[in-house]
Amino acid sequence: MSVTGRPYEHADGPECPTWPQEFAERYRAAGYWRGETFGGMLRERAAAHPDRVAIVDPAAGSRWTYEELDARADRLAAGLMERGIAKGDKVVVQLPNVAEFFEVIFALFRIGALPVFALPAHRETEIGYFCSFTEAAAYVIPAEHGGYDYRDLAAKVRAEVPKLRHVFVAADAGEVPEPFEALSSVRATGQVEVAGPAPGDLAFLQLSGGSTGAPKLIPRTHDDYMYSLWGSNEICGVDQDSVYLCALPAAHNFPLSSPGSLGALYAGARVVLCPRPSPDVAFPLIARERVTLTGLVPPLALVWTEAAPGTPHDLSSLEVLLVGGAKFSEEAARRVRPALGCTLQQVFGMAEGLVNYTRLDDDEETVVTTQGRPISPDDEIRVVDDDDNDLPVGATGHLLTRGPYTIRGYWRAPRHNARSFTEDGFYRTGDVVRLTPTGHLVVEGRAKDQINRGGEKIAAEEVENHLLAHPSVHDANVVAEPDPYLGERTRAYVILRAGAEPLKPVAVKKFVRARGLAAYKVPDHVEFVDAFPQTGVGKISKKDLRSDAARPTDRPGPGPGPGDQPSDT
Ligand SMILES: O=C(O)c1cccc(O)c1O
């Protein structure tokens, strides 16, 4: 039975709002919601073409067919159920671009347990929060990745979150310390019959970039997310002959669903997992696997366009490059086709739902100057002023949206939901946009207090809270500072307590990092000030801080890339 039409129930009350009955019926009648589940979808693909390759993991040397992925999901589901993982349980999944990522999430989908998608960059602060807030039954990690030992991280998280019953490690049993368990020993021999979830049930919790202290969790259903997949496939030309290179972190909403790895699997196509997105790793893979499409954030797209002309690798199979996550400059967009010989699609999306694409047959000007238009004819778009009045086409204002794959509320966040959604269910995206006469969106800026560091979204308030925890810090404000490579990086303005020992910026950064925060959230620059600029009514003026941060100075050059650690200087 579908639960759509009423809030998801939980022992403590409703977990999150969902679509009102009349909308759910309309989306089903229109054929957007097809009544499929992820577990069922994989089963159907495996039956239709068992021997086609689904997942290529070059680092591990594995190539799993649809039949193999399906069988692995069954075996792992059975083993997880033997360990008490049940329908509705939350499981924090923090895996890099490895084949096991798909084995784990499809096993959970099949049970009806919900993956909570963490990123490899997250550390004990974020993971501890996800595990405790969702009351996670289990946490899945790699043994090591990028020179970091996730077993150490899991040990810390377990000590802090006693309710976390299991830690599963995607590694050989020998590399897994007690009381953790290797995935290889969880896989059962047989198959179990499970009732599984209904298409209207929640499939997973995705992470919001957010603008508040604690990251918000985004509840997506099988029905709604699946629509965003096949809708994306139609727009991006993905069919069973496509080969998708997953170059960004697999759990991120963009490479997962736009059209991403899950879109590719929906189409019966092939997913190639790229362990790192740099040209030296990605280009040989494109050549070897005859990759046809991939998705990148703007800084990486720039690096690829610079590296492509001199590469010895044959990139001629590449048909489409999707660029999204942050605004792609027009100049950079113009360089894509000449350098890479493929079509650029700009994608402006959000894990909360709405995804916009430029179309494959849009003219060049539209492709390089807009961020596309929505997937669905039933994506409702409003551009409004500060008082929610609709603005005429062409005017710049706040983007509000509602539709068949946009959530009606975050998971267990009633107070935040009252601010982030209108009474009639429009999501306040926090983006400032303008509509062109053709219905394409141009992103002009942002109203939410967030820094977009090369596609990685950072909530200013979250970082400010960590700075405020320093005993010598009286007050702190974090704003975006322009960066030629990342688009934006973070600048923290800090007022020290009267009489506090002088601090060096590096000490502040070290302090934030030592609090167990993802490295991309550590401020790139720390500046000590005596006071913050104020507005007329005496509030702190972030606007003035932003213009101060934008002043040209002799500051060091481009910051580190997405996924890199900011330097300690
Ligand atoms: O979150 C994003 O930035 C994003 C970008 C492109 C496409 C998506 O689906 C996204 O969620």
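Two residues are taken to be in contact when heavy atoms lie within 4.5 Å. By this criterion, seven residues of domain 1 touch nine residues of domain 2. The structure is a predicted model, in which local features need pLDDT of at least 70 and side-chain atom pairs count only at pLDDT 80 or more, whereas totals for chains, interfaces and linings use all residues. Residues are numbered from 1 along each chain as its sequence is written, and side-chain values use heavy atoms, with hydrogens and water left out.

The domain assignment, of automatic or database origin, places domain 1 at residues 66-197 and domain 2 at residues 454-549. The centres of the two domains, taken over C-alpha atoms, are 35 Å apart. The size of an interface is often given as the accessible area lost when the parts come together. Buried area here denotes the accessible area (1.4 Å probe) that two parts lose on being put together, summed over both. Between domain 1 and domain 2 this area is about 530 Å², and carbon and sulfur atoms give 48% of it. On the side of domain 1, Ala 121, Thr 125 and Glu 126 lose the most area to domain 2, together accounting for 66% of what that side buries.

One salt bridge (a side-chain nitrogen of Lys or Arg within 4 Å of a carboxyl oxygen of Asp or Glu) is counted between the domains. Glu 126 forms a salt bridge with Lys 521, with 2.7 Å between the closest N and O atoms.

Helices (H or I, at least four residues) and strands (E, at least two) are DSSP runs, numbered from the N terminus. Strands E25 (residues 450-453) and E26 (residues 456-459) pair in the antiparallel sense over four bridges, pairing being assigned if DSSP finds at least two bridges. Ile 451 stands opposite Ile 458 of E26. The two strands form a hairpin with two residues between them, and Gly 454 in the turn has a positive phi of about 60°.

Further backbone features occur in loops. The peptide bond from Glu 178 to Pro 179 is cis, with omega near 0°, and Pro 179 lies between strands E10 (166-170) and E11 (181-182). Ser 258 and Pro 259 are likewise joined by a cis peptide bond, with omega of about -25°.
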